[in-house]
Structure formats: structure tokens, C-alpha cells
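Reader: I have a chain open in the viewer and would like to talk through its fold. Can we start from the overall picture and work inwards?

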Amino acid sequence: MGRRRWLGASCGLLLAGYLTLTTLTYLIQIARPTGESDGVGAEQYTLPSLEEVMQGVHDLDVQRVLSMHQTHHLQVPATPPVRVVVSSTWRSGSTLLAEILAAHPGVFYHYEPLMSYGLQQLAPSNTHQGEVERVLRGLLQCDYRNADDYLKFAFINHEMFVRNTRLWSMCSAMPRTKCYNPDTLARLCSLFPIHVMKVVRARLDLLAPLLRNPHVRLVWLVRDPRAVMSSRRNSVSWCQTRSCSDPGYLCSDLQADFSAYLLLKEDFPGQVMLLRYEDLARSPYDKSREVLQFAGLSFQRQVQEYLDDHLTSDEDEPWSTRHDPMTRVGRWMKIMQFEDVMRTQYHCQGIMKNLGYRLFASKSDMDNGNAVGLLNIP
């Protein structure tokens, strides 16, 4: 009789434990934001548990920061392990686009990882090709073991980490020097299934090897080269190298990127996207949704809030993203000398036609303000 009673009690405890575990699992699942299914395949990424990330961590500061991140960790939506690389050039709107994507709750943002290379454009012909590819690939895999130069530069130039607001909030909760430790960074990075990387110093063919990872999505952001040159000359003072100040270099890079884009579209279908800054400026909500969908991500509430906040502000600073981009689209036509317009068009006329930018034959033609037409891509 006692044995039966004991068996009954044991079964009851097991059943209660099972029901409790099932209930907790269900509550965690419904607590996560849900999004529309956007097609990067059926594979779903499971975030590592904090216990897994913290395994082997003996530093009390790092343990505390990881524990503090638990609430946000549980709110990250289920998603494949997407890696979105935004490729552009200086003064083309890449900061805005990358920040829109980085507003998604599951994103770890790699801001300008090639900043240490200065004002030059990197291509496969450069002697830095191997190390650039190694650094970028490592960052996208949360591997900082071979990124000594990157970490040393980031330690001096805080902006590289500050722009990653989720990383910086964790770094600010402990002695910041610890944030530049490769093992610590790898653990913080691994909490996020989505990575966004903004690159303005590497041409598309240099980034091509990254696409061998089927989870990588490459967004090539372009802007009217006349607007780019106007912004470089009138908005900033640092654009002194020929790679930055000469429209011939800009147009040559654009043409090379366009040729690479056409090849990559064939070799990696579904992994490469072309976006014009002017189209993003005209329809920021729709285009943001389109880019997110391309990456297999849903339009989360945090992205909506970012757009609502930034597009209704008006900070007229070179690096600010707090303004309505539509007010910036045609500004160059009001301040750029027509001689400079003609010079840029001389170097860029072929690629401008492909990208749907209308050529101006006279000053009065430019004053009409109709610079953007339809894309002309085979």
C-alpha cells in the first residue's frame, strides 16, 4: 500500500514537472515578437542560451553584463542567422540604411570595420585583399581572434563600437577595456542571430567571397554621383584624397561595382540587391520593408519607431541621420556649380544612364529638378 502511494506521488510530481516545463516553454515562445515569414528557407536559428554563452566565463563583470542582457535576449525574434552587408561609398546614405536595419531587435551592427584603411577604395588588386576578406568574414562569424589591428583601431576610435548601440550598452556596464577582449566580444556578439555590416571602402568584387555563405545578403546602395560629389565638397572637410575628391575615381568605382553586381546576381541569385538612395528617401517605410524582406526579416516595431523618430527630426549635421532624407535628395542641384555637374557627368554618363540618373544639358535643365528616372539594367 505504501509502495503504491509512493509510486502515485512520484508520478504526480513528474507530471507536474512536465506541465510546468511545457508552460514555461510556451510562455517564452509567446513572449517573443512574431513576424511574418519571409523566405530565407525553413531553417530557424536557435539563440544559444545564456548558460551556453557564459560557460567558461570567470570574469565577474562579463558574467554580470551577460546576465543583464537576459531580457533582451528573450525578446529577439526567431530568425535564420542572417548576415546583411551594406556596400556603398562615402556620402551615399549608407549610415541611414544601416541604422534602419540595425534597429531590428536581433541585430549586432558592425560599423565601418575597414575604417583603419583611411580614405582609399579597396579592390581585389590591392595587396590588402586577403586580410580584408579574413577580417570581414571573421566579424560576421563573431570570431575576433585574428582581428588585432581592427580591435586596436576601434579602441582609439570609439565610434566603431558606439554605433553598435546594443554592444555599447553592454560595454558601458563594465570597464570598457574589457570590451576589446576577443573572447568577451565573441560571447556578446553570439547573442544576436542577425548581423548588419556597413562597408564603404571595399568594392563589390572584393566582397564577393562573403556570398559563399548562403546566409549573407549584399545590399549595394548607390546615389546620384553628382549628389555624392556635392556632399563630399560641401558637407565635410576630410575628403582630400583623390579616391574621395576626384569624380573620375568615383565613376570608375561605380562602373566596376555595376559590372560586379551583374555577375553576382547571376552567381548568387537571391543574395544581392541594388537600392538607390533616392528611392529610399522617397519611400523610406516601403523601401525599408523591402530590404528587410530581401534579408528574410520582418518589419519589427523597433524599425517603425526608428523611422518615426528620425524622419521627423531635422539635424543639419554631416553625420546625422535625424532628418527627412527627401529634403536632402535635391539639395545638390541648388548649391553645386554647373561646371562641376558637367565634369561629374563627363566621367559618369554611362553608369548614370544604367542607374537611371538623367543627364543635364544646361543650367536651366538642372533647375527643373528632374534628376531621377527609371533603372536601366539588362
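Predicted model: local features only at pLDDT ≥ 70, side-chain atom pairs only at ≥ 80, totals over all residues.

Reader: Fine. How many helices and strands in the chain?

Author: The chain has 21 helices and five strands.

Reader: And how much of the chain is buried?

Author: Of the 378 residues, 51% are buried. The accessible surface is about 18200 Å², and carbon and sulfur atoms contribute 53% of that surface.

Reader: What holds strands together in general?

Author: Strands of a sheet pair through backbone hydrogen bonds, and the pairing is either parallel or antiparallel.

Reader: β4 then. How many bridges link it to β1?

Author: Five bridges join β1 (residues 83–87) and β4 (residues 216–222), and the two strands run parallel. V86 has V219 of β4 as its bridge partner, and S87 stands opposite W220.

Reader: And how does β4 pair with β5?

Author: In the parallel sense, over five bridges. There, L221 has L275 of β5 as its bridge partner.

Reader: Is β4 enclosed or open to the outside?

Author: Seven of the seven residues of β4 are buried, so the strand is largely enclosed by the rest of the structure.

Reader: Which residues sit on which face?

Author: V216, L218, W220 and V222 are on one side, with R217, V219 and L221 on the other, and all of them are buried. In a regular strand the side chains alternate between the two faces of the sheet.

Reader: Changing topic: how do α16 and α17 sit against each other?

Author: The axes of α16 (residues 284–294) and α17 (residues 301–311) come within 11 Å and cross at roughly 145°. The crossing is right-handed.

Reader: Which residues meet there?

Author: From α16, P284, Y285, S288 and L292 meet V303, Q304, L307, D308 and L311 of α17. By class, that contact has six nonpolar, two polar and one charged residues.

Reader: What is V291 in contact with, beyond its neighbours within four places in sequence?

Author: L97, L101, V219, M273 and L275. V219 is a residue of β4, and L97 and L101 are among the buried residues of α5.

Reader: How far is V291 from R217?

Author: The two are 74 residues apart in sequence and 9.9 Å apart in space, C-alpha to C-alpha.

Reader: You brought up α5. Why call that helix enclosed?

Author: Because nine of the nine residues of α5 (residues 94–102) are buried, so the helix is largely enclosed by the rest of the structure. E99 is one of those buried residues.

Definitions and conventions
Residues numbered from 1 in each chain as written. Heavy atoms only, no water. Pairing = 2+ DSSP bridges. Helix = DSSP H or I, 4+ residues; strand = E, 2+ residues; numbered from the N terminus. Buried < 20%, exposed > 50% of the residue type's maximum accessible area, 1.4 Å probe, protein only. Areas by Shrake-Rupley, 256 points an atom, 1.4 Å probe, with all protein chains shown as cover. Axes fitted to C-alpha atoms, helices over the stretch in contact; angles between N-to-C directions. Left-handed = near helix turned anticlockwise from the far one by under 90°. Contact = heavy atoms within 4.5 Å. Nonpolar A, V, L, I, M, F, W, Y, C, P; charged D, E, K, R; others polar.
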